[in-house]
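Thank you all for coming; I would like to take a few minutes to go through one model with you, beginning with the whole chain and then moving to a few local details. Please have a look at it first.

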Amino acid sequence: MPVRIAICDDSVEDLESLTDALYKYDRSFDIISYTDGVTFIEEFQDFKYSVDILFLDIYMPGIDGIELAQKIRSERKDIKIIFISLSKEHYPQAYEVFAFNYILKPFDRKRLYEVLDRAMDEHRKENSQKIHFSYKSSVYSVNPREILYVESRDKLIMFHMFPEGTLQCYSKLDEIEKQLPEQSFIRCHQSFIVNASYITEMGHTYFRLGQVVINISKKYLKQAKDQYYKYLFSNMNNP
């Protein structure tokens, strides 16, 4: 599956220049472009699961890049946001929304490709960790990024998928936990493991994943919260 890249920049000239540079880096990229943040955030609600990397201009009318990134981060933590800007003044806000990197305009192609090299290395690592299981003669190979949370129920393991659907198999949650990437999957209960990428709120004793609320049991409370904070900061790279 090709890497899907979104570019949101109100400057058509900059958008075309960046698109050309990205295709010269890798012709297989699936690139979608937007000239305003409002249109992007509306479509993001439907297609967010397929955006891997987002190049985001900061100075845009209507909704600026920082505000747009905040809206994205309220739903997804794993999308690699790379800011593109004429000024360095927004570095602090970039850290606050866990940007992957920050590139100044007019961008230097060597610098762009160095950032892309890092982003692609991380993307390949994330996608090389598929888990495999079978149920009633069917064999499944699942990308962990598509798992919202995992539930153990009556000797069955339920994989609740994003954006919808459920897969299941006979196993133990302890065994499934060993197969999942430890940096992004958090055991928060005897019966639940959540994907940190989809956590939209951490309460005192719960994680919220959109409309779903998963309790954090006393046994896992400190470990789960520590792991979530570690996940957040590990996704913040130095620009």
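Before I give any totals, a word on burial: a residue is called buried when its relative accessible area is under 20%, exposed when that area is over 50%, and partly exposed in between, using a 1.4 Å probe and protein chains only. What you see is a predicted model, in which local features need pLDDT of at least 70 and side-chain atom pairs count only at pLDDT 80 or more, while totals for chains, interfaces and linings use all residues. Residues are numbered from 1 along each chain as its sequence is written, and side-chain values use heavy atoms, with hydrogens and water left out.

With that in place, 49% of the 239 residues of the protein chain count as buried. The C-alpha trace spans about 55 × 40 × 30 Å along its principal axes. If we call it a contact when heavy atoms lie within 4.5 Å, then residues 24 or more positions apart account for 56% of the contacts with a separation of 6 or more.

The secondary structure comes to 7 helices and 15 strands, where helices (H or I, at least four residues) and strands (E, at least two) are DSSP runs numbered from the N terminus. Two strands are said to pair if DSSP finds at least two bridges between them.

Next comes strand S8, residues 147–153, which holds Tyr149. Is Tyr149 buried or exposed? Its relative accessible area is 10%, so Tyr149 is buried, and, leaving aside neighbours within four places in sequence, its contacts include Phe159, Phe192, Val212 and Ile214. Neither is a glycine, yet Asp154 has a positive phi of about 50 degrees and Lys155 one of about 70 degrees. Asp154 is exposed at 70% relative accessibility, and Lys155 is exposed at 71%.

Another backbone detail is the cis peptide bond between Lys105 and Pro106, with omega about -10 degrees; Pro106 lies in the loop between strand S5 (101–104) and helix H5 (109–127). As background, most residues other than glycine have a negative phi, and most peptide bonds are trans.

Finally, 3 strands form an open sheet in the order S13-S14-S15, with antiparallel pairing. Strands S13 (201–202) and S15 (212–215) stand at the edges with a single partner strand each, so one side of each is left without a neighbour in the sheet. Strand S14, residues 206–209, is joined to S15 by 4 bridges, and Tyr206 stands opposite Asn215 there.
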